[in-house]
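Here is a friendly briefing to read alongside the model. Please keep the viewer open as you go through the points.

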Amino acid sequence: MSPEASADASPDAEDANVIGRRRFLRWVSGIGSAVIGILVGVPVIRSFLSPALGKTKPSRWIKVAEDIALIDLGVPVRAGFVQDESDAWVEAQVEEAVWLYTDDGEKFKAYNSHCTHLGCSYGYDKASNTFLCPCHRGQFDVKTGAVLAGPPPRPLDTLPVEIRDSAVFVDYTNFRPGVPQKVSA
Ligand code: FES
């Protein structure tokens, strides 16, 4: 190769090298930006979405009575407990209750303690042997939860009950008040 040819080829080769390096750097920088975007963006998006969408409901089986032998027959018993509640952002402890009822000490009914009309707490009225809601005078049958009087649109909300080693457990759920269907709140 003549010295002129070598002198002519070198600048072109250098230009090609420079262009190749620039392309490579642009490519690397593009990939790097995309990776950084994913690394930063995914946790941020998850932090916004996961409290609202990502949480699975914890099990709500709650021990509401230690010993079935201590529960009177034919008389409703109110059993209170503290429940961990969380909406999308806030976790709190809330006092809740169920009403337990048994005729024979073997089969138990558990009612959510919120009236199905507008969610007030109702009580047991010994004189009439019914549940009475003080808010709008709703009245319910203690054995079945059926509405006997007043504006409640559906019977009391029953809850699944299990007896484990003589203790009473209830699968606790709140339901939407004011509607005829039993729909989880
Ligand atoms: S909230 Fe119970 S009757 Fe209205």
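Which residue in β11 is the bridge partner of Lys63? That partner is Phe169. Before going further, please note that this is a predicted model, where local features need pLDDT of at least 70, side-chain atom pairs count only at pLDDT 80 or more, and totals for chains, interfaces and linings use all residues. Residues are numbered from 1 along each chain as its sequence is written.

**The chain overall**

- The secondary structure of the protein chain comes to one helix and 11 strands; helices (H or I, at least four residues) and strands (E, at least two) are DSSP runs, numbered from the N terminus.
- In sequence order, the pattern of the protein chain reads α-β-β-β-β-β-β-β-β-β-β-β.
- The protein chain has 185 residues, of which 17% count as buried. A residue is buried if 20 or more other C-beta atoms lie within 10 Å of its own, exposed if 12 or fewer, and partly exposed in between, with C-beta atoms placed from the backbone.
- Among contacts in the protein chain with a separation of 6 or more, 45% are between residues 24 or more positions apart. Two residues are in contact if their C-beta atoms, placed from the backbone, lie within 7 Å.

**The three-stranded sheet**

- Three strands form an open sheet in the order β1-β11-β10, with antiparallel pairing. Two strands pair if DSSP finds at least two bridges between them.
- The edge strands here are β1 and β10, each pairing on one side only.
- On average, neighbouring strands of this sheet are turned by 35° against each other, direction ignored. Axes are lines fitted to C-alpha atoms, for helices over the stretch in contact, and angles run from 0 to 180 degrees between N-to-C directions.
- Strand β1 (residues 61-65) pairs with β11 in the antiparallel sense over four bridges, and Trp61 has Asp171 as its bridge partner in β11.
- Strand β10 (residues 161-164) and β11 also run antiparallel, joined by four bridges; Arg164 stands opposite Ala167 in β11.
- In a regular strand the side chains alternate between the two faces of the sheet.

**The four-stranded sheet**

- A further open sheet, of four strands, has the order β2-β3-β4-β9 with antiparallel pairing.
- Its edges are β2 (77-86) and β9 (158-159); each has a single partner strand, so one side of each is left without a neighbour in the sheet.
- Strand β4 (residues 108-112) pairs with β9 in the antiparallel sense over two bridges, and Ala110 stands opposite Leu159 in β9.

**The nonpolar core**

- The largest nonpolar core has 20 residues, and those with the most contacts inside it are Val64, Val98, Leu100, Ala110, Val168 and Val170. Such a core is a set of buried Ala, Val, Leu, Ile, Met, Phe, Trp, Tyr and Cys residues joined through C-beta atoms within 7 Å.
- At least two residues of this core come from each of β1, β3 (91-102), β4, β6 and β11, and β3 gives the most, with four residues.
- Leaving aside its neighbours within four places in sequence, Val64 is in contact with Ala79, Phe81, Val98, Leu100, Val168 and Val170.

**Loops and positive phi values**

- Most residues other than glycine have a negative phi, and most peptide bonds are trans.
- The hairpin of β10 and β11 has two residues between the strands, and Asp165 takes a positive phi near 50° there.
- Ser166, in the loop between β10 and β11, also has a positive phi, near 75°, in a residue other than glycine. Ser166 is exposed, because 11 other C-beta atoms lie within 10 Å.
- Arg137 lies in the loop between β6 (130-133) and β7 (138-141). Although not a glycine, Arg137 has a positive phi of about 60°, and with 12 C-beta neighbours inside 10 Å it counts as exposed.

- Gln181 has its place in the segment after β11. Why does Gln181 count as exposed? Because Gln181 has 8 C-beta neighbours inside 10 Å.
- From C-alpha to C-alpha, Gln181 and Pro155 are 9.6 Å apart in space, and they are 26 residues apart in sequence.
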